[in-house]
Amino acid sequence: MTLELIKMIIFILLGTKIAGHLCNRFNLPVVFGELTLGLLLGPAILNMVQETDGIAMFSEIGIILLMFLVGLESDLNLLRRYLKPAIIVASFGVFVPFIFIAILGHLIGMGTPESFFLGIIFSATSLSITVQVLKEYDYLDNEAGSITLGAAILDDTLVVILISIFTAVVTFDASVGFTATMAWDLIGKKVLFFFIMYLVAKYFITPAMNLSSKMNAIKAKTAMALVLCFAFTIFAEEMGLSDIIGSFFIGLMLSSHEDSHEIETDIDTIGNSLFIPVFFVSIGLGINIEALYTQFGLIFLLSLGAILTKLMGGYFAARLMKVNRKSSFVVGSGMVSRGEMALIVAKIGQESGFITNKFFTVVIAAIIITTLISPLLLKFSIGLEQKDSDEVTA
């Protein structure tokens with residue numbers, strides 16, 4: 001099993017670097033090439049890489065490190081500055097798709113609970129896909145990039161809360177009523193997570209990093225940063241949040257530390273040379289080519305609805321907050337990708353019986369299509385915005 005995993009890692013690493021080279025040559029987002037490579041190497045075409053437990057493990061570490069990096073590279077003051085528009089964009093970005101996709105689900109023959117859960121699935125935003133493109137085009141440290149990043153983070157948190165509320169409502173026992181345990185699971189755990197995060201940022205991070213800097217050991221500071229990253233990944237999951245919320249926020253807390261640049265360089269080397277490419281390729285492994293043919297009409301309809309609801313929701317929310325048209329288009333485009341977050345929610349829906357096998361393949365295909373289109377759409381919108389900025393400068 002170990003040798004088989006190593007063989008697949010070889011295919012992935014060689015393939016992603018070739019794909020990255022070609023994408024850079026033809027001015028395409030690198031992540032688009034990595035996602036497409038997953039389709040090519042996966043069971044759908046060449047069957048050289050399979051979704052094994054080993055690949056899943058590497059992939060999970062990849063997304064944790066990616067979001068940790070995003071936190072380290074973020075400007076906390078900039079995120080605070082654009083917190084209000086991020087909240088508005090996240091709210092529109094969740095509830096516009098939720099309502100319209102739920103209605104669409106009902107129209108294509110889904111039951112009421114199934115339709116609502118379909119709406120929840122397509123309310124999610126792939127934070128990892130979006131930030132990878134923003135990072136690639138050096139777009140994290142301006143108005144549109146900061147609003148998009150903040151909105152995508154809040155979006156994921158809202159979706160987790162929506163799942164909790166939906167599950168509580170569906171399984172609600174009127175004879176028992178609304179219990180303290182339900183309140184704790186729905187709200188209490190999330191509040192506790194952010195309170196603990198605040199305490200750690202204020203009282204623990206600096207002493208921990210100072211201690212590591214005094215150790216006579218190789219890369220002790222980077223190792224300590226990874227300990228904090230993985231610890232808060234576990235803590236976030238225990239509190240009912242996505243693991244990437246934990247890794248992002250601890251990275252954000254470390255971003256203002258004096259050693260953040262050194263840590264960022266080390267994590268970037270670890271992540272982008274091995275784990276992060278595996279994550280993006282793993283998303284493309286789930287595409288079922290046969291389903292694309294047999295249920296093309298339904299997949300197209302759901303994909304189109306998924307793209308338009310996020311794009312327009314993000315765009316109009318940004319315009320509401322007085323963001324200019326080109327930058328608002330960037331924000332809307334950045335919210336389109338569903339990626340790993342929607343895949344996780346869809347899997348929860350299947351395992352819980354909220355999404356039947358009849359629709360599951362259609363849902364997965366639509367998620368993959370939005371994930372493939374999103375980097376191209378975001379790159380296009382950034383190009384329009386930068387062109388407009390260049391003309392104003394000239």
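Colleague: Which residues does T16 touch, leaving out those up to four places away in sequence?
Modeller: In this predicted model, T16 touches E34, L37, P277 and V281.

Colleague: And where does T16 lie?
Modeller: T16 lies in helix α1, residues 2–25.

Colleague: Is T16 buried or exposed?
Modeller: T16 counts as buried, because its relative accessibility is 2% and the cut-off for buried is under 20%.

Colleague: Since the model is predicted, what is the mean pLDDT of the protein chain?
Modeller: The mean is 85, and 93% of the residues reach 70 or more.

Colleague: Which elements have the lowest and the highest mean pLDDT?
Modeller: Helix α14, residues 289–294, has the lowest, at 70. Helix α11, residues 220–238, has the highest, at 93.

Colleague: Let's go inside. How many residues are in the largest nonpolar core?
Modeller: The largest nonpolar core has 115 residues. I121 and F122 have the most contacts inside it.

Colleague: Which helix gives the most to this core?
Modeller: Helix α18, residues 357–393, gives the most, with 12 residues.

Colleague: What does F122 touch, again leaving out residues up to four places away in sequence?
Modeller: F122 touches P97, I101, L302, A306, K310, R338, V363, A366 and I367.

Colleague: Why is α6 described as largely enclosed by the rest of the structure?
Modeller: Helix α6 covers residues 112–121, and seven of its 10 residues are buried, so the helix is largely enclosed by the rest of the structure.

Colleague: What lines the largest cavity?
Modeller: The lining is made of S74, D75, L78, L79, L140, S146 and L149. By class, four of the lining residues are nonpolar, two are polar and one is charged.

Colleague: Which helices supply at least two residues each to that lining?
Modeller: Those are α4, residues 76–81, and α8, residues 143–170.

Colleague: Tell me about S146. Where is it found?
Modeller: S146 is found in helix α8. S146 is buried, with a relative accessible area of 2%.

Colleague: And what does S146 touch, apart from residues up to four places away in sequence?
Modeller: S146 touches L78, L79, Y82, L140 and D141.

Colleague: How far apart in space are S146 and K387?
Modeller: They are 19 Å apart, C-alpha to C-alpha, and 241 residues apart in sequence.

Colleague: What about pockets? What is the volume of the second largest pocket?
Modeller: The second largest pocket has a volume of about 460 Å³. Helices α4, α5 (83–107), α8, α9 (180–203) and α12 (243–254) each give two or more residues to its lining.

Colleague: How many residues line that pocket, and which lie nearest its centre?
Modeller: It is lined by 19 residues, and L76, R80, L83, F249 and L252 lie nearest the centre. The lining has 16 nonpolar, two polar and one charged residues.

Colleague: Now the loops. Where is S255?
Modeller: S255 is in the loop between α12 and α13, the latter being residues 260–284.

Colleague: Is S255 buried or exposed?
Modeller: S255 counts as buried, at 15% relative accessibility. Leaving out residues up to four places away in sequence, S255 touches G71, L72, S74 and S260.

Colleague: What is phi of N47 near?
Modeller: Phi of N47 is near 55°, a positive value in a residue other than glycine. N47 is in the loop between α2 (30–41) and α3 (53–73), and it counts as partly exposed at 42% relative accessibility.

Colleague: And what is phi of K219 near?
Modeller: Phi of K219 is near 50°, again a positive value in a residue other than glycine. K219 is in the loop between α10 (205–214) and α11. At 46% relative accessibility, K219 counts as partly exposed.

Definitions and conventions:
Residues are numbered from 1 along each chain as its sequence is written. This is a predicted model: local features need pLDDT of at least 70, side-chain atom pairs count only at pLDDT 80 or more; totals for chains, interfaces and linings use all residues. Side-chain values use heavy atoms; hydrogens and water are left out. A nonpolar core is a set of buried Ala, Val, Leu, Ile, Met, Phe, Trp, Tyr and Cys residues joined through side-chain atoms within 4.5 Å. Buried means under 20% relative accessible area, exposed over 50%, partly exposed in between (1.4 Å probe, protein chains only). Helices (H or I, at least four residues) and strands (E, at least two) are DSSP runs, numbered from the N terminus. Contact means heavy atoms within 4.5 Å. pLDDT is the predictor's confidence in each residue, from 0 to 100. On a 1 Å grid over the protein atoms alone, a cavity is a set of points where a 1.4 Å probe fits but cannot get out, and a pocket is an open set with protein on both sides within 12 Å along at least five of seven lines; lining residues have an atom within 4 Å of a point. Ala, Val, Leu, Ile, Met, Phe, Trp, Tyr, Cys and Pro count as nonpolar, Asp, Glu, Lys and Arg as charged, and the others, Gly among them, as polar. Grid points are joined across faces, edges and corners, and a volume is the space filled by probe spheres set on the points.
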